[in-house]
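Here is a short note for someone opening this entry for the first time. Please read the points with the model in view.

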Amino acid sequence: MEERLNQLRASAMERLAAATSPEDLRAVDRDFVGKQGSLSELLASVPSLDPKDRPIVGKGANLLKRDILAEIDKRKGELEAAEIDAQRSGSDFDGTLPAAAATRGSLHPLTLVRREVESIFVSMGYEVLDGPEVELDYYNFQALNIPADHPAREMQDTFYCDREGKLVMRTQTSPVQIRAMERLKPPFRVICPGRVFRNEEPDATHEHTFHQVEGLVVGEDITVGHLSGVLKGFLRQLFQKDIEVRLRPGYFPFVEPGFELDVRCPFCTEGCRTCKNTRWIEFCGCGIVHPKVLSAGGIDPESWTGFAFGFGLDRLVMLRYGIDDLRHFMGGDLRFLEQF
Ligand code: DAH
């Protein structure tokens, strides 16, 4: 029996040494290790052998199998290296050709639209600001005219980060208004895109993490006309056509008067699913900056006025690309992300 194993080893190794192609290697695999191969045959015969031969043959056959597989691997590497060498020294080898490009990721749809929004506002003279995502309660609420016991806090279920309730995950990008006023000298125009957080049960239109774009303009004699003119100008650039807007009264403690701005549905003329057959789509909250908020930011409300707005970026991206579920944005599913 050992004789037979030695024979098999010798012939397998001989064929491997002589192999010149991947097909040759596969043939050795098939003839020796494969289901119908000689080694499998030998192993199948073990139960019918003399009991004292059984362990010797079983163990020997398995060892041989392992050695053959290792040798196949080694020869495969050698053949590949030889193939590359041959190609390199061939007459048609061109060492100056660029290497095959590595596959690249793509930008998230939120990033694409955010950059578009930023560049439109930059073209209108706005500066793009950033602010902390973990924010002081003071900036997120108090300085925006939402004191601790104010009912408006109920509108935003907040993640508190400490026991005293001084630190929160910001529920809106509006706190950047105060930070901007503290840093900049009027007149100025800024936007702040960023992530915001609320304690929401996720569904197709709600997430614990979403995105807003805040805008703030401080200057002399600012009116609602400036506000709606800027937003209309922005929407025209974004949708590449004139978009009708309407202002409805809306309550936000940091503006007075405050509005909700709706846009004419850009997708239909008679009503559709996106506008829920109303022909209007809610776009943002906005208004004339409350004097208390200007004061909190260190700006004299007797000399300066301003307007502010805040809209959801996620919603805009969903409209732009016809995405029907907000949860795709955070889901990390490559089948979704690769489409952009
Ligand atoms: N921060 C508000 C929200 O998250 C949106 C908003 C409303 C922003 C009115 C503003 C504004 O700047 O003036 O619901």
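1. Tyr138 counts as partly exposed because its relative accessibility is 33%. (Buried means under 20% relative accessible area, exposed over 50%, partly exposed in between, with a 1.4 Å probe and protein chains only.) Tyr138 sits in helix α6, residues 137-140. Helices (H or I, at least four residues) and strands (E, at least two) are DSSP runs, numbered from the N terminus.

2. A word on the source. This is a predicted model: local features need pLDDT of at least 70, side-chain atom pairs count only at pLDDT 80 or more, and totals for chains, interfaces and linings use all residues. Residues are numbered from 1 along each chain as its sequence is written, and side-chain values use heavy atoms, leaving out hydrogens and water.

3. Glu135 lies in strand β2, residues 134-136. Glu135 is buried, because its relative accessible area is 1%. Its side chain makes a polar contact (a pair of N or O atoms within 3.5 Å; within protein, one must be able to donate a hydrogen and the other to accept it, and residues adjacent in sequence count only if both atoms are side-chain atoms) with the side chain of Arg179, at 2.7 Å. Beyond its neighbours within four places in sequence, Glu135 is in contact (heavy atoms within 4.5 Å) with residues including Lys166, Leu167 and Arg170.

4. Now the ligand. Which residues are closest to the ligand? They are Gln172, Ser174, Arg198, Gln212 and Glu214, among 16 residues that surround it. (The cut-off is a heavy atom within 4 Å.) A polar side-chain atom of Arg198 lies 2.9 Å from a ligand oxygen atom. For Gln177, a polar side-chain atom is 3.1 Å from an oxygen atom of the ligand. Phe309 instead places a backbone N or O atom 3.3 Å from a ligand oxygen. The protein covers 92% of the 360 Å² of accessible area that the ligand has on its own. Such areas come from the Shrake-Rupley method with a 1.4 Å probe; for residues, only the protein chains shown count as cover.

5. Look next at helix α10, residues 313-321. Its buried residues are Leu313, Asp314, Leu316, Val317, Met318 and Leu319. They pack against α5, β5, α8, β8, β9 and α11. Just after α10, Gly322 takes a positive phi of about 65°.

6. Glu154 is in the loop between α6 and β3. Glu154 counts as exposed because its relative accessibility is 72%. Glu154 and Val317 are 163 residues apart in sequence and 27 Å apart in space, C-alpha to C-alpha.
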